[in-house]
Amino acid sequence: MKIHYATSDFKYLKPLPACFLLMLFLSISSYAQVSGIVFNDFNANGTKENTATYNEVDMAGVVVNATNPAGAALTVAYTGGGTSTNTTGNYTVTGGTAGQIRLEFVMPDSYTFASSGASGGTTVMFPSGIAQNLAVNYPQDYSQASPNLILPCYVGGALTGPNKTYPAIVKFGYFGSSGTISGDANGIPTPY
């Protein structure tokens, strides 16, 4: 037995794919992921730059805590696995509703801090979109562990007088083991 359908019998099925796509989009957007990169912001402008002037590397060792409005923890995944960001600085939060996620960034030590306020983020954020980077500074990126101090020396007398060999600028280590400046046998500081 053969069944014949009139073409008008399918007129109610045409809008079905559009409705299905709309429902799928709404369900995906309401549980959108938040992801981003934690990076060293060397010029403190809040924007990740990798140019000939700045090569702002990503920050490892940052833990991202994410919660929903009720305070329940959300799932945070890091590139390469683990329990904190690796050298790529990437993280992804899943399970929350877009615009209703609280992020807290826990730095690897007390010397690392968010670098640029609103433009670079702060260590506690409520992202409105699905992308949220954090720009950080680490002061040791700009100085060695024991920096040298350089001071001018003012010596009385004419430039051609008996004190002409005394140095005008001296340097010494910040974490020197004594309170004296190294110098020659007469106590004259070592010139820089």
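Colleague: Is Glu104 buried, partly exposed or exposed?

Modeller: This is a predicted model, and the accessibility is computed from it. Buried would need under 20% relative accessible area, and exposed over 50%. Glu104 has 29% relative accessibility, so Glu104 counts as partly exposed.

Colleague: Which side chain meets Glu104 in a salt bridge?

Modeller: Side chains of opposite charge can pair when their charged atoms come close. For Glu104 the N to O distance is 3.5 Å, and the cut-off is 4 Å.

Colleague: Where in the chain do Lys48 and Asp58 lie?

Modeller: The side chains of Lys48 and Asp58 meet in a salt bridge at 2.9 Å, N to O. Lys48 and Asp58 are 10 residues apart. Each of them sits in the loop between β1 (34–40) and β2 (63–67).

Colleague: Which are the edge strands of the five-stranded open sheet?

Modeller: The strand order is β3-β4-β1-β8-β6, with mixed pairing. An edge strand pairs on one side only. That applies to β3 (75–78) and β6 (113–114).

Colleague: Which residue in β4 stands opposite Val76?

Modeller: Strand β4 covers residues 90–94 and runs antiparallel to β3, with four bridges joining them. Opposite Val76 stands Val93.

Colleague: How many charged residues are in the lining of the largest pocket?

Modeller: The largest pocket holds about 150 Å³ of space. It is lined by 11 residues, and the closest to its centre are Val155, Leu159, Asn163, Lys164 and Tyr166. By class, the lining has seven nonpolar residues, three polar and, as for charged residues, one.

Terms used. Residues are numbered from 1 along each chain as its sequence is written. This is a predicted model: local features need pLDDT of at least 70, side-chain atom pairs count only at pLDDT 80 or more; totals for chains, interfaces and linings use all residues. Side-chain values use heavy atoms; hydrogens and water are left out. On a 1 Å grid over the protein atoms alone, a cavity is a set of points where a 1.4 Å probe fits but cannot get out, and a pocket is an open set with protein on both sides within 12 Å along at least five of seven lines; lining residues have an atom within 4 Å of a point. Grid points are joined across faces, edges and corners, and a volume is the space filled by probe spheres set on the points. Ala, Val, Leu, Ile, Met, Phe, Trp, Tyr, Cys and Pro count as nonpolar, Asp, Glu, Lys and Arg as charged, and the others, Gly among them, as polar. Two strands pair if DSSP finds at least two bridges between them. Helices (H or I, at least four residues) and strands (E, at least two) are DSSP runs, numbered from the N terminus. Buried means under 20% relative accessible area, exposed over 50%, partly exposed in between (1.4 Å probe, protein chains only).
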